[in-house]
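Please look at the sequence and structure first.

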Amino acid sequence: MSGFKEPGFADRQKAAQQAKQNLLNKFRAQPGPDNPAVAARRAERETLATARAKAKETREAAKAEAKRREEQTLAEAAVKRAREKEEEALRQAALEAEQKAKRDARYAARKKRK
């Protein structure tokens, strides 16, 4: 049984040159930009990009509409809260006026008895 043979400098250099040549051949084998298959793939990518752009615009429009509705709902809720607060303040003022009138009436009755 023989052991592992270390590749020498010339073997390594030859392997590197062969790898470079393989890469160059692979690059040269690719079709050029005027090839119909490349043009078809490019057209397909452009079609997909256009479809994606339209879908994105649709999603953004839907988001904007939802945001507008949410803001409108929040505004309506704020108006409702303000109206309720105002009504509560009016009820409280009316209650305080009624209590003051009763208190004044009791005070006047007490003064009259003396």
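## Arg68 and Glu65

In this predicted model, Arg68 and Glu65 sit three residues apart in helix α2, so about one helical turn separates them. Their side chains meet in a salt bridge, with an N to O distance of 2.5 Å.

How accessible are the two partners, Arg68 and Glu65? Arg68 has a relative accessible area of 43% and is therefore partly exposed. Glu65 is partly exposed as well, at 32% relative accessibility.

## Glu88 and Arg91

Further pairing is found at Glu88, which forms a salt bridge with Arg91. The closest N and O atoms of Glu88 and Arg91 are 2.7 Å apart. Both residues lie in helix α2, with a spacing of three residues, or about one turn of the helix.

Glu88 has a relative accessible area of 39%. Exposed would require over 50% and buried under 20%, so Glu88 counts as partly exposed.

## Lys102 and Glu98

Lys102 and Glu98 are also joined by a salt bridge between their side chains, at 3.6 Å from N to O. The cut-off for a salt bridge is 4 Å, and the Lys102 to Glu98 contact is within it. Here the spacing is four residues in helix α2, which means that about one helical turn lies between Lys102 and Glu98.

Both partners are partly exposed: Lys102 has 49% relative accessibility, and Glu98 has a relative accessible area of 45%.

How many salt bridges does the structure hold? The number is five; among them are Arg68 with Glu65, Glu88 with Arg91, and Lys102 with Glu98.

## The positive patch

Which residues gather in a patch of positive charge on the surface? They are Arg103, Arg106, Arg110, Lys111, Arg113 and Lys114. Residues counted in such a patch have no salt bridge and over 30% relative accessible area.

Arg113 is one of the patch residues and belongs to helix α2, which covers residues 36-113. Is Arg113 buried or exposed? Its relative accessible area is 67%. Because the cut-off for exposed is over 50%, Arg113 is classed as exposed.

Technical notes. Residues are numbered from 1 along each chain as its sequence is written. This is a predicted model: local features need pLDDT of at least 70, side-chain atom pairs count only at pLDDT 80 or more; totals for chains, interfaces and linings use all residues. Side-chain values use heavy atoms; hydrogens and water are left out. Patches are made of residues with over 30% relative accessible area and no salt bridge: like charges are joined within 9 Å, nonpolar side chains (Val, Leu, Ile, Met, Phe, Trp, Tyr) within 5 Å. Accessible areas come from the Shrake-Rupley method with a 1.4 Å probe; for residues, only the protein chains shown count as cover. Lys and Arg count as positive and Asp and Glu as negative; His and the chain ends are not counted. The place of a charge is taken as NZ of Lys, CZ of Arg, CG of Asp or CD of Glu. Helices (H or I, at least four residues) and strands (E, at least two) are DSSP runs, numbered from the N terminus. Buried means under 20% relative accessible area, exposed over 50%, partly exposed in between (1.4 Å probe, protein chains only).
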